[in-house]
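Subject: Structure handover

Hello,

I am passing on the structure you will be working with. Please look through it first; my notes on what was found follow below.

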Amino acid sequence: MAGWEDELERWLMPFLDRLGHKTRQRMCPLYVAGLIGPGDRKSVQPMAERLATGNYDHAAPFYCGRWSGTRRRWRQSCSTRRTGLSAAGMRCCDDTSLPKKAERSVGVAAQYASALGKTANCQTLVSLTLARGEVPVMVALRLFLPDSWTSNASRLKRARVPVEHRTPRSKPEIALAEIDRAMAANVRFGCVLADAGYGLSAPFRQGLTERGLAWAVGIPRHVKVYVLIWPITKVRGKPRKHHVPDILSIAAEQMLASAKWKAVSWRSGTKGRLKARFAAIRVRTADGPPQRIWDKGQQQLPGDEAWLIGEQRASGEKKYYLANLPAATDLRTLAATIKARWICEQAHQQLKEELGLDHFEGRSWQGLHRHALMTMIAYAFLQHRRLAYAGRKKESTGLRLSHPSVCAVDLDVIPPPPMHNYSS
């Protein structure tokens with residue numbers, strides 16, 4: 001991997017002119033190189049010492065002032081030509097936690113920390129990841145602010161949270177806003193994937209549908225659905241404005257209890273083919289307008305058609321999903337689609353373990369998001385190197401590449417270089 005520092009500076013050129021200040025332009029390649037290089041701690045002081053810059057105080061201008069649309073330029077660069085990913089790629093909506101005890105650091109509060117598997121003091125970043133096969137590129141990381149922050153104006157001001165981000169927003173709302181930003185920047189992608197934390201939200205699912213997007217999301221077992229075709233209650237007199245079913249919605253778990261389950265293999269893993277038992281039926285989601293149904297009480301009316309998918313793992317654990325993929329989609333495609341989200345979780349792990357996403361020691365909104373942006377850029381550069389490495393391996397076996405995106409198709413059979421020790 002010799003000469004990667006020079007390649008990094010050339011690769012960063014489209015972003016440097018957006019930084020404005022000359023010190024920031026000079027610091028950016030050093031900062032990204034510090035994130036990529038060796039060392040256990042990726043905060044400013046230890047990176048400055050390893051890079052022998054002599055004075056880490058020069059990092060202060062890097063976090064200050066306006067960056068003149070650097071994030072917008074980053075989203076525009078996450079395109080087919082730049083990343084080698086096609087529009088058939090997946091867009092993963094997820095979040096990742098950064099455990100932190102400092103109460104004055106922006107967004108820190110007692111909340112569920114996925115990294116720890118329990119409630120703890122942490123920051124939570126909502127993420128959008130563009131992925132095809134085993135090649136993910138992080139497109140956005142946006143901080144979620146809990147109620148303990150949005151209800152405290154002085155706390156928000158002290159952390160320099162922008163006014164437009166001070167109102168309470170749920171994680172699904174943040175994810176939809178970031179999707180809109182990506183679409184406005186002409187980032188193209190295929191199916192949107194998300195776990196049950198997002199799939200539980202009917203407005204999130206409806207928002208994706210309104211944007212014309214395909215989606216496949218996890219749901220809790222108790223989410224209500226209707227059978228695809230239901231008898232319409234007959235009424236006398238003036239016809240109803242909305243049809244009312246004469247049956248109740250039932251939980252997803254109950255709906256699939258009598259379904260036919262089938263063993264499906266969706267891809268090869270490090271220990272062989274990955275398999276599980278799946279079942280899928282067409283249903284209508286119970287997320288329409290509320291309506292009293294005779295003596296059955298108030299119910300959510302049937303919504304759009306969707307696939308209800310169940311997964312039974314070897315351990316006996318069952319998971320449930322909803323997807324608005326076409327009715328003709330086969331079971332293996334449904335299984336492969338919902339299981340493609342694992343690469344996003346791996347990207348979160350690598351951003352934290354290899355590139356120091358959770359090592360930022362500042363307190364401000366601006367500083368945290370700029371550090372997060374630098375880790376995303378560093379990660380994309382490593383994926384750029386990975387695609388180039390895969391291309392050389394294929395060419396050495398007599399297979400020539402006409403476009404970098406070809407590499408992404410078969411990366412599961414080409415072992416990538418390690419994500420660490422690039423400076424060795």
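A charge is taken to sit over a ring if NZ of Lys or CZ of Arg is within 6 Å of the ring centre and within 35 degrees of the ring normal. By that rule, Lys 171 lies over the face of Phe 144, at 5.3 Å from the ring centre. The charged end of Lys 318 likewise sits over the ring of Trp 261, 4.9 Å from the centre of that ring.

Some ground rules before the rest. This is a predicted model, in which local features need pLDDT of at least 70 and side-chain atom pairs count only at pLDDT 80 or more, while totals for chains, interfaces and linings use all residues. Residues are numbered from 1 along each chain as its sequence is written, and side-chain values use heavy atoms, with hydrogens and water left out.

Overall picture

The protein chain has 16 helices and 14 strands; helices (H or I, at least four residues) and strands (E, at least two) are DSSP runs, numbered from the N terminus. Of its 424 residues, 50% are buried, where buried means under 20% relative accessible area, exposed over 50%, and partly exposed in between (1.4 Å probe, protein chains only). The accessible surface of the protein chain comes to about 20,800 Å², and 51% of that belongs to carbon and sulfur atoms. Areas come from the Shrake-Rupley method with a 1.4 Å probe; for residues, only the protein chains shown count as cover.

Contact means heavy atoms within 4.5 Å. Among contacts between residues at least 6 apart in sequence, 65% join residues at least 24 apart.

Confidence

pLDDT is the predictor's confidence in each residue, from 0 to 100. The protein chain averages 80, and 78% of the residues score at least 70. Over residues 79-88 the pLDDT stays under 50, and the model has 29 contacts beyond four places in sequence for them. Over residues 395-424 the pLDDT is below 50, with 50 contacts in the model beyond near neighbours in sequence.

Six of the eight residues of strand S13 (residues 305-312) are buried. Two strands pair if DSSP finds at least two bridges between them. S13 pairs with strand S10 (residues 272-285) in the antiparallel sense over eight bridges, and Arg 282 stands opposite Trp 307 in S13. S13 is also joined to strand S14 (residues 318-323) by six bridges, again antiparallel; here Glu 311 stands opposite Lys 319 in S14. The hairpin of S13 and S14 has five residues between the strands, and in that hairpin Gly 316 takes a positive phi near 95 degrees.

Aromatic pairs

Rings of Phe, Tyr and Trp (its six-membered ring) pair if their centres lie within 6.5 Å; planes under 30 degrees apart count as stacked, over 60 as edge-to-face and the rest as tilted. The structure holds three such pairs. One of them is Trp 11 with Phe 381, edge-to-face at 5.6 Å centre to centre and 65 degrees between the planes. Trp 11 lies in helix H1 (residues 4-16) and Phe 381 in helix H15 (residues 365-396), so this pair ties together parts that are 370 residues apart in sequence. Both Trp 11 and Phe 381 are buried.

Another pair is Trp 266 with Phe 278: the ring centres are 5.8 Å apart and the planes stand at 90 degrees, so this pair is edge-to-face. Trp 266 lies in strand S9 (residues 262-269) and Phe 278 in S10, so the parts tied together are 12 residues apart in sequence. Trp 266 is buried at 12% relative accessible area, and Phe 278 at 0%.

H1 also contains Glu 7, which is buried with a relative accessible area of 18%. Leaving aside neighbours within four places in sequence, Glu 7 is in contact with Phe 381, His 384 and Arg 385.

Positive phi in loops

Most residues other than glycine have a negative phi. Arg 160 has a positive phi of about 55 degrees although it is not a glycine; Arg 160 is in the loop between helix H8 (153-158) and helix H9 (171-184) and is exposed, at 55% relative accessible area. Asn 186, also not a glycine, has a positive phi of about 65 degrees. Asn 186 lies in the loop between H9 and strand S5 (192-194) and counts as exposed at 61% relative accessibility.

Regards
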